[in-house]
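Trainee: I am new to this structure. Please take me through one part of it closely, and then show me how the wider chain is arranged.

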Amino acid sequence: MKKLSDAAHRLEGQRMFQILAVARELERQGKEILHFELGDPDFDTPKNIVQAAIESLKNGETHYAPSSGLLEFKKAAADVTLRSRGFKPDLDQLLVCPGANVQIYYAAACAVNPREEVIVPDPGFVSYFSILKFLGIKIVRVPLYERNEFRLNPDDVQKAITDKTRMIIMNSPSNPTGAVMTEDEVRRMYEIAKEYDVYLLSDEIYARMLYRDANTSHHSPSKFDQCKERTIVVNGFSKSYAMTGWRLGVVTGPAELINKMGLLLETTTSCVSPFIQKAGIEALKGSQEPIINMVDEFRERRDVMVEGLNSLPGITCLRPKGAFYVFPNVTKTGLTSDEFADVMLNQAGVALAPGTIFGEYAQGYARLCYANSIENIKKAIEEMGKVLEARQLS
Ligand SMILES: Cc1ncc(COP(=O)(O)O)c(C=O)c1O
């Protein structure tokens, strides 16, 4: 008798966590490792946010909350959407979730049937692929090109549409490339989704991590339909508020879909803990200064990282406009993505992700998350340089 379902056999997880586990094992063996593999801000969650959770716990808010989220939370999120995206969603368009990852899962599970198609940028966030494979949904990959600064090209998306397409995923600023789409490209994406009457899932978890020198503001396709018809905005607190361990996010979408996603959440998770939601309310309503400072600090690190990588033999690296990743081209080192990651981990003590975990069009690239000090970034560049130079000589 079979012991596992077919779907279980298709599960891939998030490979960065598996790389982290290997790096931790090397550390246990006494090796010093510099970490750039996981997208986890190294800043503490701002104190006012932590304090709000503590107060809530002290007040005994340790029971179930309404499954779609606290009213106060949803009202705060709607107000923020009005300020950031120019429209105020109805409260039944909002669902408070344990992070952003599950939002992608809930949305795909409730909007797309097995064997129907979802268009995904490649390279793209690993969970898109994992989730869709698990659900038996066909992934249609649209390659992102370095010559286009890794921005998703709407014309390529349009060409990939068939009569089986049910959803398009876009992600700007992007993981793993840090690319930011232009206002015009975002508008085109909405027009295409409307023309073919498909959902447009816009993963905007890095919307607040947009660098000043990018000279652009965040553009969301949600402004065209106010998330009433087809746009689903995936968002979370993990990155912008340094809250990865809290597991908190909010998704905005058409009420009918959000209702079904809410039933899935209610069935599998019951609700998001009320004290976590209280922390989220404080994050939304409290001072945004720590967040702005954090993004400025990331910008400085990005510059050190990009300059450092470009000084290494065989590596070229674009300067991303958002998120906290760089996606260098390592082809000229003569190593494949996987070999590069392996050599850097074992010989330079630098943990990073091979491009190949982000898709089929990412061979020859690597991803580094610069959630690490400038000192450690410089050290990593030095160690990587020693290994690459030694390989050149041999
Ligand atoms: C593009 C993107 N979407 C969603 C997520 C999931 O974030 P979380 O579940 O921590 O909110 C991540 C995390 O790395 C991401 O990079």
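Mentor: Two residues count as in contact if their C-beta atoms, placed from the backbone, lie within 7 Å. Keep that in mind. This is a predicted model.

Start with the domains. The chain is divided into domain 1 (6-44 + 290-393) and domain 2 (47-285). Their C-alpha centres lie 25 Å apart. Across the boundary, 35 residues of domain 1 are in contact with 35 residues of domain 2. Look at the side of domain 1 that touches domain 2. Helix H12 (289-310) and strand E9 (325-326) each supply at least two of its residues. H12 gives the largest share, five residues. By class, that side of domain 1 has 19 nonpolar, seven polar and nine charged residues.

Now the close look: a helix pair. Two packed helices are described by the angle between their axes and the distance between the axes. Helix H4 covers residues 71-85, and helix H11 covers residues 274-285. They pack at an angle of about 25°, with their axes 9 Å apart. Angles under 35 degrees count as roughly parallel, so H4 is roughly parallel to H11. The crossing of H4 and H11 is left-handed.

Which residues meet? H4 brings Glu-72, Phe-73, Ala-76, Ala-77 and Val-80. H11 brings Gln-277, Gly-280, Ile-281, Leu-284 and Lys-285. Sorted by class, the contact of H4 with H11 has six nonpolar, two polar and two charged residues.

Key. Residues are numbered from 1 along each chain as its sequence is written. This is a predicted model: local features need pLDDT of at least 70, side-chain atom pairs count only at pLDDT 80 or more; totals for chains, interfaces and linings use all residues. Axes are lines fitted to C-alpha atoms, for helices over the stretch in contact, and angles run from 0 to 180 degrees between N-to-C directions. Helices (H or I, at least four residues) and strands (E, at least two) are DSSP runs, numbered from the N terminus. Angles under 35 degrees count as roughly parallel, over 145 as roughly antiparallel, 65 to 115 as roughly perpendicular and the rest as oblique. A crossing is left-handed if the near helix is turned anticlockwise from the far one by less than a right angle, and right-handed if clockwise. Ala, Val, Leu, Ile, Met, Phe, Trp, Tyr, Cys and Pro count as nonpolar, Asp, Glu, Lys and Arg as charged, and the others, Gly among them, as polar. Domain bounds come from an automatic or database domain assignment.
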